[in-house]
Amino acid sequence: MVNRLVVAAPASGSGKTTVATGLMAALRRAGSRVAPFKVGPDYIDPGYHSLATGRPGRNLDPVLVGEHRIPGLFAHGAKGCDIAVVEGVMGLFDGRVDTAGVGSTAHVAKLINAPVLFVVDARGQSRSLAALLHGFRGYDPTVRLGGVILNQVGSERHEQVLRSACDEVGLDVLGVLPRDPQFSLPSRHLGLVTAAEHGPEAITAVDAIAAAVAKHIDLDAVRALASSVPSMAVAAWEPQVEAVTGEPLIAVAGGAAFTFGYAEHVEVLKAAGAAVAVVDPLNDEDLPEGTAGLVLPGGFPEQHAEALSANAKLREAVAGFARSGAPVHAECGGLLYLARSLDGHPMCGVLDADGFMTPKLTLGYRDAVASTSSPLHPPGSRVTGHEFHRTQLSTPHSTPPAWHWRGVDSRPVTEGFVAGGVHASYLHTHPAGDPEAVARFVRACHPFVARAGGGTVFA
């Protein structure tokens, strides 16, 4: 197992993404081969991690994939690197609601046996920092706090008092970041603006953060902390699926509007025998020649609805492809793209439903059961997925749902749509948690059996 550390904080908004991304970039610029990771299901931060390291940003989420897979996924993503930086999620001990911290940063730190670099937003506190650090270190002694980064420090005197507080509890300060608005990334309704959408400005922001980290954080001390880990013999994760012959071509939507995808998805598709091509619904006017299956991942199509709608040629191609019965897998943003309209802008019209923004955030893990046979799942198969959206979709008449689960107060919930070869849902799933579903999709792509009355039969 590679040298490693986890960047954590007492709560969201403390500066984890700034510090983690800056560390990744600064270490890379100093000659290290850096493996980037993010705890939890988040898609946005890994985009900035990729910019910082030149490697795919990967997620470590015990809820979505099972805790037994985390060490192997970590080893898989860290191949060829000499240091790994793992950005945490929320506060150090915040995990899935109503569990004992399952999926938390602390949980993952223990699974990969990594020390924690603790980022504290120091605004509005001085010696009280000692009590905060004492509480976090003592809450679970099996989680090792290895050092502190002081963020948002107001003055030299403020820094002196904070350092003294850290000395009281015996924790080393590895860096001090002053208050500076350039050490931030742009935000919007679901968090940061994705790196792909932010374009050249994202690179500029990462460069500024890297320079600040190199100036204000002791990189040698960070490397020393990351190397103070025991050796672990862990087999790297590999997708154990049976490959089909013939390399069916699967088009995967990308570009600025569809950025929510896990790196392992394409890896499992290829392991199952597929060839993969990227299609950008903002710019490409047709699906790649020979496309046998289509994956429409999540993203922010609501931010690009007018431009997506203007590309009528691709919308028509996608609609025709779906009507042919060929397999289509759509998650969240992909679901909206298949709708009749999104905030009044015409979309592909595959689903007789309309999408629209709402003020309500739908967020959380779901233990779902497949309701209807589809290219991905036989009826009754179980998955754990994650919802994260502010949009809502009107329900088409007489369209079978993709999922059902128990909601608030154990009320039954049905969600998503299965229509012919289309499986469309708000639920995000991780392919490493159920690689067989991806392999089933590839098998459905080539060949698939068309019925005389239209639609598709799945074995």
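Analyst: The answers below treat a helix pair and a strand in turn.
This is a predicted model, in which local features need pLDDT of at least 70, side-chain atom pairs count only at pLDDT 80 or more, and totals for chains, interfaces and linings use all residues. Residues are numbered from 1 along each chain as its sequence is written, and side-chain values use heavy atoms, with hydrogens and water left out.

User: Why is α11 called oblique to α15?

Analyst: Helix α11 (residues 263-271) packs against helix α15 (residues 435-445) at about 55 degrees, the axes being 9 Å apart. Angles under 35 degrees count as roughly parallel, over 145 as roughly antiparallel, 65 to 115 as roughly perpendicular and the rest as oblique; α11 is therefore oblique to α15.

User: Which residues of α11 and α15 meet?

Analyst: H265, V268 and L269 of α11 meet P435, V438, F441 and V442 of α15, where contact means heavy atoms within 4.5 Å. By class, this contact has 6 nonpolar, 1 polar and no charged residues.

User: What makes strand β4 largely enclosed by the rest of the structure?

Analyst: Buried means under 20% relative accessible area, with a 1.4 Å probe and protein chains only. In β4 (residues 83-87), 5 of the 5 residues are buried, so the strand is largely enclosed. I83, V85 and E87 point one way, while A84 and V86 point the other way.

User: How do you know that β1 pairs with β4?

Analyst: Two strands pair if DSSP finds at least two bridges between them. Strand β1 (residues 3-8) is joined to β4 by 5 bridges, and the two run parallel; N3 has I83 as its bridge partner in β4.

Key
Axes are lines fitted to C-alpha atoms, for helices over the stretch in contact, and angles run from 0 to 180 degrees between N-to-C directions. Helices (H or I, at least four residues) and strands (E, at least two) are DSSP runs, numbered from the N terminus. Ala, Val, Leu, Ile, Met, Phe, Trp, Tyr, Cys and Pro count as nonpolar, Asp, Glu, Lys and Arg as charged, and the others, Gly among them, as polar. Buried means under 20% relative accessible area, exposed over 50%, partly exposed in between (1.4 Å probe, protein chains only).
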